[in-house]
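Subject: Structure handover

Hello,

Here is the structure I said I would pass on. My notes follow below it.

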Amino acid sequence: MIPAAQASLQQAPSFATAAAGPTPPAAGARWQALWRDAVRDPRELLALLGLSDAALALSDEAAAQFPLRVPRGFVARMRHGDPNDPLLRQVLPLDEEMRPMPGFSLDAVGDGAAKAGHGVIRKYNGRALLIATGSCAIHCRYCFRRHFPYAEETAAAGGWRDAVAAIGEDAGIDEVILSGGDPWSLATPKLEELTEALAQVPHLKRLRIHTRLPVVLPERVDAALQAWIERLPWPVAVVLHANHANEFDTEVEAAVRRLRASGATLLNQAVLLRGVNDSVEALAALSERSYAAGVLPYYLHQLDRVQGSAHFEVGDERARELHRQLAARLSGYLVPKLVREVAGDPGKRPL
């Protein structure tokens, strides 16, 4: 087995490394310091992993179009010396991204046509998706919003007023989904400001949060975030985004325990990705590891066909076969639903 990257190479800022060193930041600021210390240079990332850029089809053009960002704690879970590591593949900008492919577009899921207010997307009955921010702690190369115009379409503009007003005017909305970017890239006081405004909407019954931060930057789940969740007036579902069992480590498991202690329901939504998890062994390991950590498998998504992601695509026939094999191997509650999002559909389309 190829070992994970050397801890001495991967640990983040100096405040975490020596008792005699600089005073650590306050607990609430630690995740923000780790965020700022993320790896942003593809060649630095490869050097940390003992890889040469000559060994991979690294693309400066792809990195310029959609910059690399990956927290060092996530890098530490990558296998040292392995150019095919499934975590590395999710973040490394490659030449394949720059090859135009028919059927792959800038807006793969029809977000633009479903706008219902500033930063509000209304696709499905009873639900409104709120683009809380355009920021993410990690830039995943398959991201379906990698071309989204966040500067123009973020709900935070105007102190959330337009977004909350649009939701308040539609009595058919009973669930708000916080998305992005990653909503937990916002500081907790900003999240409080948003949910205090949403609490004035009488027809809301549930809050759902889609986030990758507990997986890629588990320090984000701090005491202040826990307290915020506990104070929310609705049942809360937190949908994590982990695609491979190796994304879980002891820090992620601890973050999941903190979330469960806050009363949130935890689900995992994965994307089926070629070279990452397109085997029944990888998918079974992901389901078992996430459930052991306290996260129920929820969706296995077929790739959203966004421009630049074609090299991750797994064909539908292969996807169905993998899902059949998974169902034959695991208990039913460990088998996520295999779905695709199709622009204009009233819900996820089962495959």
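With which side chain does the side chain of Asp 82 make a polar contact? The partner is the side chain of Arg 79, at 3.0 Å. Please keep in mind that this is a predicted model. Asp 82 sits in the loop that runs between helix H5 (72-75) and helix H6 (86-91). Its relative accessibility is 9%, so Asp 82 counts as buried, the cut-off being under 20%.

Now the overall picture. The protein has 351 residues, and 54% of them count as buried. It contains 13 helices and 10 strands. Among contacts with a separation of 6 or more, 82% are between residues 24 or more positions apart. The accessible surface is about 14,900 Å², and carbon and sulfur atoms account for 52% of that.

Next, helix H8 (188-198). Its buried residues are Thr 188, Leu 191, Leu 194, Thr 195 and Leu 198. Viewed down the helix axis, the buried residues of H8 fall within an arc of 120°, which means that they line one face of the helix. Pro 189 and Glu 196 are exposed, and they lie on the face of H8 turned away from the buried side. What do the buried residues of H8 pack against? Their partners are strand S3 (127-131), helix H7 (161-168), strand S4, strand S5 (206-211) and helix H10 (223-231).

The peptide bond from Gly 180 to Gly 181 is cis, with omega near 25°. For context, most peptide bonds are trans.

Last, the surface. Tyr 291, Leu 296 and Tyr 333 form a nonpolar patch there, and together they have about 300 Å² of accessible area. Of these residues, Tyr 291 belongs to helix H12 (residues 280-293). Is Tyr 291 buried, partly exposed or exposed? Its relative accessible area is 41%, and because that value lies between the cut-offs of 20% and 50%, Tyr 291 is partly exposed.

Regards

Key:
Residues numbered from 1 in each chain as written. Predicted model: local features only at pLDDT ≥ 70, side-chain atom pairs only at ≥ 80, totals over all residues. Heavy atoms only, no water. Patch = residues over 30% accessible without salt bridge, like charges linked within 9 Å, V, L, I, M, F, W, Y side chains within 5 Å. Areas by Shrake-Rupley, 256 points an atom, 1.4 Å probe, with all protein chains shown as cover. Salt bridge = Lys/Arg side-chain N within 4 Å of Asp/Glu carboxyl O. Helix = DSSP H or I, 4+ residues; strand = E, 2+ residues; numbered from the N terminus. Buried < 20%, exposed > 50% of the residue type's maximum accessible area, 1.4 Å probe, protein only. Contact = heavy atoms within 4.5 Å. Arc of directions from axis to C-beta. Polar contact = N/O pair within 3.5 Å; in protein donor to acceptor, adjacent residues only side chain to side chain.
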